[in-house]
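Have the viewer open as you read.

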Amino acid sequence: MTSVDAASPALIVVRTLLALAVVFVLLATTGWTSIRHRAEPGGPSRETALAAWARDRIDHRPLPGPTTPAQGVAAFFARLGQARAAGLAERHPLVVGNLNGAPVALRYRANRITLGRALTTERNRIHDSRLSAEGRHEARRRLDRFGSLLRPGRQILAFDPTGTGRAAEVLGDLERAGRVSVIVPGVDTNLLTFQKTHGRYRAPVGMAEALYAAERRASPGTRVAVIAWADYTAPVGVGVDAMTGRLAEGGAERLVGLTEALPGDARVALFCHSYGSVLCGVAAPRLPARVTDLAVAGSPGMRVERASDLATPARVWAMRDADDWIEDVPHLELAGVGHGADPVAPEFGARLLSARGAIGHSGYFEPGTESLGNFAAIGVGSYGNLVCARADSACHDGISGAEGR
C-alpha cells in the first residue's frame, strides 16, 4: 500500500467535513435561516417556580416532581379533586401549565395565568430606562405575542417565557379526539416565531391551522385535534447546534413525554419539518405505540442510515419538493456532525410522498399543495387518498384498505 493510499480514508474524512462546512456557510449567507438575538431575561423564572412547587405540600405530602411519569401525575390530579387542582394552578401556574399528565383544561387555565403575568412583566420592561433600544424592541414583540396568545378561544397546552421561550397550542378538542396530529418545527423556532402574519403557513401556528382545516375537509366525521408543538429549545441560526443532535436529544425527551401524556386513546401522527425531523428520528425508538405515523418534510436526516434503524412500529413517510435547498446539504454523519442518510433516498426505506405545489424549504403546509393534502390524509387515516412521489409508486403497500393512486 502506498503512502497516498494509506492517507486516502483520512483525506476523505477531511474533504467531507470541509464540504459540510462550506455548504452550511453558503446556506447561511443565501437565506437558509437567520440568526436571531435571544430575548433579554424577564418574566417568571422556571427555576423559581420549580423551587416553590417542591416546597409545597398537599395533605402534608410532596407534589409530584417534574420528572414524574404522566400516569403518576394524572393519578395525583384524579385524587386531588377540581377545587384543590384549581388552587394548585393558581399558586403554581408555570409548573402546572407544563406538567405532562395534568388535566388538559387545567393546563390551559394555568397557562393563561402565566401569560397574564408575563404580559405585565413585558409591559413594565418597555418603560425600563436601563433597557437598550434593541431590548425594548424585543419587549414590545414579546408583549404583542403574549397578548395574541391570550385571545379568547386559544388553547395553550404549554408556555414558558424563559429565555427565547417555548409554547404549544391545540386546535380542536384534544380530550375527545380520535386522531391527534403533532407538528414538530425546526431551526429558529421560539415564542416570537411561533406564529407570523407574513409567511403565515411557515410558522408552527399557521402550519397547524392549515393542517386542521385540511383534515376537517378530508374527513368531516372524524374527531381531530392538531398541536402546534414548539415546546423545545431549537437551534438558533446555522451553527454547531443545527449540525448536531444535542438539542434534538432534549427535544426528543419532551416530545416522548407529550405523546405519552395525551388524553384518551387517540392515534397520533407526527409531522416533522427540517430540524424537527432530526428530533423525531431521535425520539422514534421511545415513542408509545399510539404513534402510528411519522412523516418528515425537508429533512436533513434522522440520524440513522435506514428507516428500519428508527426501531419504531410507526409508518415512516418522507417528502421533499424540487425547490428545497435541503437537498444540497450532505446527507451523512461524521463524528456527530451531520444527520445521516437522506430520508427521501429510495434505499432509506421510507414511504415517499408527493410534495407537488410546495415551494422552497418552508412551503409544505401551504393550502392547495399535495404536501398538505398528504399530511391531512395521514392525519385522518385516509391512506387510500395519499399521492405517492413519482419515484415511489408503492407508498400504500401493506396498509389495510389503501389502494394506489
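## The largest pocket

Which helices and strands each supply at least two residues of the lining of the largest pocket? They are helix 2 (46-55), helix 5 (93-96), strand 3 (155-160), strand 4 (166-172) and helix 10 (246-261). Helices (H or I, at least four residues) and strands (E, at least two) are DSSP runs, numbered from the N terminus. Helix 10 gives the largest share, 7 residues.

This is a predicted model, where local features need pLDDT of at least 70 and side-chain atom pairs pLDDT 80 or more, while totals for chains, interfaces and linings use all residues. Numbering runs from 1 along each chain as its sequence is written, and side-chain values use heavy atoms, with hydrogens and water left out.

The volume comes to about 750 Å³. A pocket here is an open set of points on a 1 Å grid where a 1.4 Å probe fits, with protein on both sides within 12 Å along at least five of seven lines; lining residues have an atom within 4 Å of a point. There are 28 of them, with Pro-66, Thr-67, Asn-98, Asn-100 and Arg-254 nearest the centre.

## The second largest pocket

This one has about 480 Å³. Its lining has 21 residues, and Arg-320, Ser-354, Ala-355, Ala-389 and Arg-390 sit closest to its centre.

## Arg-351

Arg-351 is part of strand 10 (residues 351-352). Its side chain reaches the backbone oxygen of Asp-397 at 2.6 Å.

Conventions
Points joined across faces, edges and corners; volume = space filled by probe spheres on them. Polar contact = N/O pair within 3.5 Å; in protein donor to acceptor, adjacent residues only side chain to side chain.
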